[in-house]
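Biologist: I would like to learn how to read the features of a model like this one. Could we take them one at a time?

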Amino acid sequence: MRIAFIGLGQMGAPMARNLLKGGHSLAVFDLVAANVAAAVAAGAQSAASVREAVSRAELVITMLPSSPQVRAVYLGEDGVLAGAAPGVPLVDSSTIDPHTAREVAAAAAAGGNPMADAPVSGGTGGAQAGTLTFMVGATAALFDRIKPVLALMGRNIVHCGPSGTGQTAKICNNLLLGISMIGVAEAMNLGHALGIDPKVLAGVINSSSGRCWSSDTYNPFPGVMADVPAARGYSGGFATHLMAKDLGLATEAARQAKQTVPLGALAQQLYQMASAKGLGGKDFSAIIDLLGSAP
Ligand code: NAD
């Protein structure tokens, strides 16, 4: 199948590579030339614009930072909706607010293009390994149509319900992840300050009731685990400024739904503070540095 892939960052680049490995032909576009060059080296064809990338595509996939970029790329003068042929399915895997997802999907449907929101979890490791979880908001018919392609990039492809529900699932998950990472960072720092070996402490937590993904798969304390951002100066992974963004999406959605999310709101402010202090480009587990005493 001819697929247009827009947005070749930390996540989009490995996802696009897995589609190439699956035998699809890819037309790619990104604002960063080096990202396009890397995809071309892996076998993709570069396009000069979003419009050109989607013009001959049978499926369009986007992986962009947030809602403003999704609006621009889809609704812009030379955007996806201007360039895609009617009937071509559109899949946005960026994490954005459910309201924007529904609005863009409605504009796409008005032009004859069925659209799914299909944000992911699993991080850059999952994107590389092709083991992401996709949370899909779409009609049942569109879900069935796109599932085989998503299965080349992910292991769990979940139909969450109609348009917007994929984003709802994603921001609720990240609300919890953002909070739990801060909890693990606090506990690890405290244990270290009180004199326990961080590896021993992590081992106890991971076989006790405090265990969670942030403690047993992505521990923020340096030296506890190999192959996590904490083992490489918090480079790569999921940027702190993106976590601040996701928690902002969750707290704004909570405001609209008249729900209270006090820990989410505090966590949003802490990641925003970390970003303001220069940690925005580092993995979100670098929040441990904001809290104090990591070595
Ligand atoms: P990123 O910033 O590394 O990549 C985004 C890419 O989009 C960049 O290459 C950028 O140049 C490109 N881009 C921005 N505006 C564009 C435009 N107008 N036209 C074309 N390209 C444009 O971000 P990422 O880490 O790959 O994350 C992408 C999305 O996935 C975000 O919504 C993020 O919240 C979500 N996400 C990230 C992770 C993770 O671990 N990194 C995990 C799950 C979900």
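**Reading the helices, cores and charges**

Modeller: The buried residues of α13 (262-279) pack against α9 (165-193), α12 and α14 (287-291). Packing here rests on contact, meaning heavy atoms within 4.5 Å. Helices are DSSP runs of H or I with at least four residues, strands are runs of E with at least two, and both are numbered from the N terminus. This is a predicted model, in which local features need pLDDT of at least 70 and side-chain atom pairs count only at pLDDT 80 or more, while totals for chains, interfaces and linings use all residues. Residues are numbered from 1 along each chain as its sequence is written, and side-chain values use heavy atoms, with hydrogens and water left out.

Biologist: Which residues of α13 are buried?

Modeller: Buried means under 20% relative accessible area, exposed means over 50%, and partly exposed lies in between, using a 1.4 Å probe and protein chains only. In α13 the buried residues are G264, A267, Q268, L270, Y271, A274 and L279. They line one face of the helix, because seen down the axis they fall within an arc of 165 degrees. The arc is taken from the directions that run from the helix axis to the C-beta atoms. P262, A276 and K277 are exposed on the other side of α13.

Biologist: Which residues of helix α4 are buried?

Modeller: Helix α4 (residues 67-75) has S67, V70, V73 and Y74 as its buried residues. They are on the same side of α4 because they cover an arc of only 130 degrees around the axis.

Biologist: What should I look for in a nonpolar core?

Modeller: In soluble globular proteins, nonpolar side chains tend to be buried together. A nonpolar core is a set of buried Ala, Val, Leu, Ile, Met, Phe, Trp, Tyr and Cys residues joined through side-chain atoms within 4.5 Å. The largest one here has 32 residues, and F5, M15, L26, I61, F134, V136 and L150 touch the most other members. Elements giving two or more residues to this core include β1 (2-6), α1 (12-21), β4 (59-62) and α8 (140-150). Its largest share, five residues, comes from α8. A second, separate core has 31 residues, among them I171, A230, A244 and A267.

Biologist: Which residues does I61 touch?

Modeller: Leaving out residues up to four places away in sequence, I61 touches I3, A4, F5, I6, L19, V91, V149 and M153.

Biologist: How many salt bridges does a search of the whole structure find?

Modeller: Side chains of opposite charge can pair when their charged atoms come close. A salt bridge is a side-chain nitrogen of Lys or Arg within 4 Å of a carboxyl oxygen of Asp or Glu. The search finds five. One of them joins E103 and R71, with 2.7 Å from N to O. This pair links distant parts of the chain, since E103 is in helix α6 (residues 98-110) and R71 is in helix α4, 32 residues apart. E103 counts as partly exposed because its relative accessibility is 35%, and R71, at 29%, is partly exposed as well.

Biologist: What about a pair within one helix?

Modeller: An α-helix has 3.6 residues a turn, so residues three or four places apart point the same way. The side chains of R255 and E252 meet in a salt bridge of 2.8 Å, N to O. These residues are separated by about one helical turn because they are three residues apart in helix α12 (residues 240-257). R255 counts as exposed at 55% relative accessibility, whereas E252, at 33%, is partly exposed. A further salt bridge joins D216 and R211, at 3.3 Å from N to O.

Biologist: Where in the structure does D227 lie?

Modeller: D227 lies in the loop between α11 (213-216) and α12. Its backbone is worth a look. Most residues other than glycine have a negative phi, and most peptide bonds are trans. D227 is not a glycine, yet its phi is positive, at about 60 degrees. D227 counts as exposed because its relative accessibility is 73%. K258, also a residue other than glycine, has a positive phi near 55 degrees. K258 is placed in the loop between α12 and α13, and with a relative accessible area of 74% K258 is exposed.
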